[in-house]
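Trainee: I have the model open and would like to go through it slowly. Could we start with the rings and then move to the strands?

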Amino acid sequence: MQFTTQTNRSFHQLKTPALFVGVFADGQLGQVAATLDSDGSLKKILKKEFKADIGSTLVLRNLADLAAERLVLVGLGNKDNYNANALMKAHSSIVEYLKQSSLNEGVSTLLEESATLGLVEAARFAARAVGTATYQYTTTLSKPVETVALKKLTFTCDKASDKDVKLGLAQGQAIANGMNFTRQLGNLPANICTPTYLGEQAKALAKEFASIKTEVLDKKQIEALKMGSFLSVAAGSDQPPRFIVMQYSASGKTTKKSKQKPIVLVGKGVTFDTGGISLKPGLNMDEMKYDMCGAATVFGVIRTAAELGLQRDVVALIPATENMPSGHATKPGDVVTSMSGQTIEILNTDAEGRLILCDALTYAERFDPEVVIDVATLTGAIIISLGHINTGLFSNNDDLAQELLQAGKRAQDTAWHMPLEEAYQDRLKSNFADMANIGGAPGGSITAACFLSRFTKAYPWAHLDIAGTAWDSGPKKGASGRPVPLLVDFLLNKQ
């Protein structure tokens, strides 16, 4: 999909298969629709025929004095409630209309000035919505899926705004590409998307972008690092673990050392989670292929950073493994030693994400990071707390937490600040090790974060629990691409 801009404001003369204009549910026309409504006919249609619900469309053909083959009214909802979500839904519906009409291009005039949206932000949201709406999973289908290849969407603006709109479109397209990469990795079945496969994808990114340097460590190298906690999760699987290190350089040259401290992202990469010896119930276990969506998110963010040429060094760390039951698997009651030297009594092998993350968080110290953010489908408990709306946010640094919360609000990819009080730490006490890996059902997402916090004393740290937001179930089952927008917005504001 190519995004272009059109600074010709004579909308009557725009030659295009489809000219999309915005209208509101309260009978008000958008700015462009008003310029086209010289005889008042569009206002009459709004009153009698078109409710203009968000994302709804009405097609008008053969209009006098209009060069476009068809005028498509796009509902934006109530004008007083117009926001980024309405803009994104409207542009998603534009993609759906083009697909259904077998059209491969059109012109959007929906980037209008708003009290809540600047043109850069509006263009970013629009391109992101269009880009993600074009994604379709086809990899493991036996027959080709008939799709309309959308070639171009043109956005209108005045000459003074052209630079801002182009910047927003480039940012939105890069975010959409990152989200779609994340979704693709998440949607792949676990017999394809193995730890080895993730390592190969990391190497492929380094080939595609000169600004990314990749190192993939195998089991022997992981053993040499004394990552006993990580390896305890991998013990039951026939698939070898991988520890993936991707370094994005803002200079564009991976050989050049930067004076700035990097931002380190850590992604949980459990490519399939059976629960190990603490076996999960069979119902919906197929969705445990999504237990690597933290890793997939980090992949998507790194890809977006490279595409944008982000002026901020970023390091991505991904411990990748399966969690399987076998004669070699770690057992409840086993005690393992983490890379930090702290010992852990494993009371439940299904609390495995924190066991691989803790070693990666210790490894992160060597980069002398400004901040470290881990992303993980860590606990079902966070879904009980927050449902599927907000990502759970935990942090040992209030300033970092606020930055991430604000980034989530700006990106329409929201998070909620959860407690991380010392009193919760008592639940991790063990008679046989420095700590247990679970603290019981009450406050389960909090005690999981408390566990991770014991390995993050050396730097400001935040933990994003995405178990409720990383994928959708039911008829629309699939990875969501969250929280790529939140993290990219955070990075954009750290430049």
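**Rings and strands**

Mentor: Phe230, Phe243, Tyr363 and Phe367 are linked into a cluster by ring pairs, where rings of Phe, Tyr and Trp (its six-membered ring) pair if their centres lie within 6.5 Å, and planes under 30 degrees apart count as stacked, over 60 as edge-to-face and the rest as tilted. This is a predicted model, in which local features need pLDDT of at least 70 and side-chain atom pairs count only at pLDDT 80 or more, while totals for chains, interfaces and linings use all residues. Residues are numbered from 1 along each chain as its sequence is written, and side-chain values use heavy atoms, with hydrogens and water left out.

Trainee: How many aromatic pairs does the whole structure have?

Mentor: The search finds nine aromatic pairs. In one of them, the ring centres of Phe181 and Phe299 are 5.9 Å apart with the planes at 80°, so this pair is edge-to-face.

Trainee: Are Phe181 and Phe299 buried or exposed?

Mentor: Both Phe181 and Phe299 are buried, meaning under 20% relative accessible area, with exposed over 50% and partly exposed in between (1.4 Å probe, protein chains only).

Trainee: Switching to strands, why is S4 largely enclosed?

Mentor: Six of the six residues of strand S4 (residues 70–75) are buried, so S4 is largely enclosed by the rest of the structure; strands (E, at least two residues) are DSSP runs, numbered from the N terminus.

Trainee: Which strand runs parallel to S4?

Mentor: Strand S2 (residues 19–23) runs parallel to S4 and is joined to it by five bridges, and two strands pair if DSSP finds at least two bridges between them. Gly22 has Val74 as its bridge partner in S4.

Note on methods:
Helix = DSSP H or I, 4+ residues; strand = E, 2+ residues; numbered from the N terminus.
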